[in-house]
Amino acid sequence: MPKTAKELSAQAVKYLPDGTHALGGVKGFYLRKNGSASYYLLRYLFNGTRKDFTIGSYSSLSLAQAKVLARKARELVESGVDPIINRQQAREQKALEKQKQLQQALFSTIAENWMQDRVKADYWVNNKRGESRARSLLTTYAYPTLGKKEINKITAEDIRDCIAQLWQEHTETAKKLKSLLRKIFQWAIALKIRTDKENPADMSNSLGILMESLQNKKRSKENHSACAVNELPDLMKAVHHHFSFSAKAFEFAILTASRSKAVRLAQWKEFDLEKGIWVIPVEHDKIKAPNRDRTIFLSKQALQLLQVLPRLSGSEYVFPAQHGGALSTMALTMFLRGLHEKKFAEDGTGWIDPIKTEKTGQPCIITVHGTARATFRTWAKDDELGNNRKFDQEAVELCLLHSKNDAYNGAYDRAKLEKERRFVMDCWGKYCYSRLNK
């Protein structure tokens, strides 16, 4: 075992010549001096073998600092631990921890954590397929290109590369994926998991510029097929004599000119039948703006439908499925399809959109969305019926829950036009049922 040499001062060490010198103070403490390559070391015997343990560079450690480290290494030797192996194990552990941190920062990991956070918060409680659809989008389109990338290294270019092809072939799916990615990055930024505060999946940032060249390549959006205004009362007459919840949901969607999602997921707690209003919750609305007015004023006909509607025990939904949960996304469409097939068997035409059919040259069966929304909007400004002069068109837009279209998105105009909206909906309800008893 090496003996403890005379302890040298920092000044004395400074002027030592090239070579290996015992520094004293700690048994086996040496300096191997060779110009700029000088370094401290500890010499010791371990299991009969002499070893040199490098402590650190002479240029980066003072003599006092090196001596402290040498003393700790000597204590390891005396306790039966080889400092060289100990350092190697510490480095391996550090590498494992770094790899673990890296794994935790991967986009796929963050995305799954985001999913679990929403599951715990019951975010999809009213949308049973919401979680599976989100996971399907991520697994199919995002994970193959983004999954193994660190979330802090993902750029707008990466998002563009992920969605560009899909954007050209299936634009609506690409939009849903982009929206999903934007929410995940927002969450990561809010939790400071992602240090860059610019959301790479936000079209208002760099992504919008990168996607600009693809905007004109996406397929033009087709209007939903809608029932002709003059045929609407006959359609409502046919619907009214069906008593399934799907039929009543379809009928109610038309009476309120509402989107099918809000109707399918409607719960009794959203309604005040005495005041004749239905307040759609933000999670059921297409537009998620927090201060947006989502009040639907119910006509006499809509109220009557609700008042005679049977309530399924144990279900909170106004139009429940057989198991008590919400109607599926296809429930209203399937009902309308059956209605069309029945009429087609009778007259060879069925329920079709005459204008769109003429344009395309092929039968276009009416849709739930088109009939509930477009037919209502067309009726409200029909000049043959005189409605273009009868109704305030801004109130009509508000009946559809369309935001004010101005440079400030209606920030300075807070008039709800309740009286006029009630008038519009009452007239619409009367028109819908105008042939009910004929």
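Analyst: Happy to. A cavity here is a set of grid points where a 1.4 Å probe fits but cannot get out. With that in mind, and remembering that this is a predicted model, a search of the whole structure finds 2 cavities of 30 Å³ or more.

Let's start with the largest cavity, which has a volume of about 80 Å³. It is lined by 14 residues, and those closest to its centre are Arg259, Ile280, Asp285, Arg373 and Leu401. By type, the lining of the largest cavity divides into 7 nonpolar, 3 polar and 4 charged residues.

Although Leu401 is not a glycine, its phi is positive, at about 60°. Is Leu401 buried or exposed? With a relative accessible area of 7%, Leu401 falls under the 20% cut-off, so it counts as buried.

Now for the second largest cavity, with a volume of about 30 Å³. Its lining is made up of Thr256, Thr295, Ile296, Phe297, Cys399, Arg421 and Met425. Which elements each supply at least two residues of that lining? They are β7 (295–297) and α19 (418–432), and the largest share, 3 residues, comes from β7. Sorted by type, the lining of the second largest cavity has 4 nonpolar, 2 polar and 1 charged residues.

Thr256 of that lining brings us to Ala257, which is found in the loop between α11 (245–256) and α12 (260–264). Ala257 is not a glycine either, yet it has a positive phi of about 55°. Its relative accessibility is 1%, and therefore Ala257 counts as buried.

While we are looking at the interior, one charged side chain is worth a stop as well. Lys178 lies in helix α7 (residues 171–190). Lys178 is buried yet has no salt bridge. What is the nearest side chain of opposite charge? It belongs to Asp202, 6.9 Å away, while a salt bridge would need a side-chain nitrogen within 4 Å of a carboxyl oxygen. Leaving aside residues up to four places away in sequence, Lys178 touches Ile163, Trp167, Ala201, Met203 and Leu207.

Note on methods: Residues are numbered from 1 along each chain as its sequence is written. This is a predicted model: local features need pLDDT of at least 70, side-chain atom pairs count only at pLDDT 80 or more; totals for chains, interfaces and linings use all residues. Side-chain values use heavy atoms; hydrogens and water are left out. Helices (H or I, at least four residues) and strands (E, at least two) are DSSP runs, numbered from the N terminus. Buried means under 20% relative accessible area, exposed over 50%, partly exposed in between (1.4 Å probe, protein chains only). Lys and Arg count as positive and Asp and Glu as negative; His and the chain ends are not counted. Contact means heavy atoms within 4.5 Å. On a 1 Å grid over the protein atoms alone, a cavity is a set of points where a 1.4 Å probe fits but cannot get out, and a pocket is an open set with protein on both sides within 12 Å along at least five of seven lines; lining residues have an atom within 4 Å of a point. Grid points are joined across faces, edges and corners, and a volume is the space filled by probe spheres set on the points. Ala, Val, Leu, Ile, Met, Phe, Trp, Tyr, Cys and Pro count as nonpolar, Asp, Glu, Lys and Arg as charged, and the others, Gly among them, as polar.
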